[in-house]
Amino acid sequence: MGSDVRQRQDYDLFVIGGGSGGVRAARIAAQHGARVAIAESSRWGGTCVIRGCVPKKLLVIASRFRESFAAATGFGYEKVTPSFDWRALVAAKDRELTRLEGLYAANLDAAGVQRYAARAELIDAHTVRLHLDEGVRDVRANRILIATGGRPRRDARIPGIELARVSDDMFDLETLPRRIAVIGGGYIAVEFACLLRGLGCEVTLLHRGDVLLRRFDADLRDGLLEALQAQGIAVRLQTGLRAIRAEDGARVLDLDRGNAVTVDEVLLATGRDPATAGLGLEALGVQLDGDGAIVVDARSRTSVASVYAVGDVTGRLPLTPAAIREGQAFADSEFGDRIVEVDHALAPTAVFTTPEIGTVGLSEAEARERGHTVQIYRARFRPLRDMLGGNPQRVMMKLVVEQGSERLLGAHMLGPEAGEMIQLLAVPLQMGATKPDLDAVLAVHPTLAEEWVTLRKPVA
Ligand code: FAD
């Protein structure tokens, strides 16, 4: 029976979603010799390339020049007041995204993957329906991989919520708003608050919780809050959004605490939901969890034998490197010659605020909650550049170390290039390095990074 079913299929693998996870899985499966097809309803590259990591980082880079121009005067340059052209930035960003999208499509073609520009849905455990421009077409596959990602959440219970933008909209605004309210306390909210402020907007950050970036180390959270306020972002915590009204072209936000806020635009960054709607999953019996994410095991298998899922749609770790790893592991396990399971622990991450956050491993609070007795090493200082440049912000670098074994449990940084540094520091953490291992390394002087190997005395 099994081989009969196999012979009747158009493909060995059909991938739904041409983003980080889907593209990697499709390419690798094809390289292992499978007959592979992929459907994408929007643009090749998915969220990360088109409306996530890449365009966001370009805007972050753009937003940081202003501070550099200001700092330059401390180094003998005459004061410059640069003019900034938002449309020119959007156009440059678009050129880069088009280039990247082309690379994604070309790489799929080079691997021999059949591409369909279509929305896809599941009809049964082996049939995918494609909604092509020229009409509907059903194709059959031995295995189906769902890699449809996530979508920005909109709380439909809030009156006027349709007046708000979501992150998808922010990269193509006709003009930069003079005043904007950012709603949310997660990484997308704080990143946009900072980059918009850096580009010259008046920013109000509203969050119904009592802290920003809840799961991050408290020293990172406190330091970031201070930095946001120092750069003129009005942060209002424990403040929920009740309604949005349009008034004379502006947006008025009614809040559950304090005065209403009037702005030109509202950015809703209150989380993302797995993109499972309209895929036919319920009818097929694919199990979803309470958040609507597809339930998978360590090998990305769903509750239906021929159906698999990777990336944001599974809600495991909604970041590009996780989606890519999961796609690669799926393809190697199902079409290669080895079983691979992805280890999501110890994932280093960055938050591209200004100042930037880099973090890996356990926060101090998590380490204590898990019963570790810990020693904390921490440095707070002003970098050399800012001594002349005038920026009063201090860098924070922190190690969480297990007492006794001296094993590194976590590393956390708030400051320039924190993302770059934490990527490298994740290597010794993954290898199980100890504090004495760091101490044994000679410093590179004068750098910020040398602090990681010169933290001498625990502060707690
Ligand atoms: P996606 O990349 O979302 O791809 C899914 C694709 O499926 C989409 O292209 C969609 O059009 C397509 N699709 C959906 N339904 C269908 C259907 N029925 N038929 C056909 N196609 C369909 N991660 C980081 O690691 N670092 C960052 O700095 C970072 N910044 C981010 C900033 C923002 C503003 C956002 C929104 C996300 C950011 N992320 C970041 C997260 C990252 O983009 C995602 O984790 C990653 O893109 C997930 O990959 P994926 O393959 O699961 O899904």
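Residues 24 or more positions apart supply 61% of those contacts in the chain that have a separation of 6 or more, a contact being defined by heavy atoms within 4.5 Å. The model is predicted, and for that reason local features need pLDDT of at least 70 and side-chain atom pairs count only at pLDDT 80 or more, whereas totals for chains, interfaces and linings use all residues. Residues are numbered from 1 along each chain as its sequence is written, and side-chain values use heavy atoms, with hydrogens and water left out.

In overall dimensions, the radius of gyration of the chain is 24 Å, which agrees with the value near 23 Å that a compact globule of 460 residues would have; this radius is taken over C-alpha atoms, and the globule rule is 2.2 Å times the number of residues to the power 0.38. Along the principal axes, the C-alpha atoms fill a box of roughly 75 × 65 × 40 Å. Of the 460 residues, 50% count as buried, where buried means under 20% relative accessible area, exposed over 50% and partly exposed in between (1.4 Å probe, protein chains only). The chain exposes about 21,800 Å², of which carbon and sulfur atoms supply 50%, the areas coming from the Shrake-Rupley method with a 1.4 Å probe.

The secondary structure comprises 14 helices and 22 strands, taken as DSSP runs (helices H or I, at least four residues; strands E, at least two) and numbered from the N terminus. An open sheet is formed by 5 strands in the order 8-15-9-10-11, with parallel pairing; two strands are said to pair if DSSP finds at least two bridges between them. Strand 8 (165-166) and strand 11 (234-236) are the edge strands, each pairing on one side only. Strand 8 is joined by 2 bridges to strand 15 (residues 265-268), to which it runs parallel, and Arg 165 has Leu 267 of strand 15 as its bridge partner. Elsewhere in the sheet, 5 bridges connect strand 9 (residues 179-183) with strand 10 in the parallel sense, and Ile 180 stands opposite Val 203 in strand 10. Strand 10 (residues 202-206) is largely enclosed by the rest of the structure, because 4 of its 5 residues are buried.

Within helix 4 (residues 53-72) lies Ala 71, which counts as buried at 2% relative accessibility. When residues up to four places away in sequence are not counted, Ala 71 touches Arg 385 and Gly 389. Ala 71 and Val 295, by comparison, are separated by 224 residues in sequence and by 50 Å in space, C-alpha to C-alpha.

Backbone geometry was also examined. Most residues other than glycine have a negative phi, and most peptide bonds are trans. A cis peptide bond, with omega about 5 degrees, joins Thr 354 and Pro 355, and Pro 355 lies in the loop between strand 18 (349-351) and strand 19 (357-361). The peptide bond from His 445 to Pro 446 is likewise cis, with omega near -10 degrees, and Pro 446 is placed in the segment after helix 14 (435-439). A positive phi near 50 degrees occurs at Asp 248, a residue of the loop between strand 12 (241-247) and strand 13 (250-255) that is exposed, with a relative accessible area of 82%. Glu 406 has a positive phi of about 60 degrees and is found in the loop between strand 21 (395-402) and strand 22 (408-414); with a relative accessible area of 28%, Glu 406 is partly exposed.
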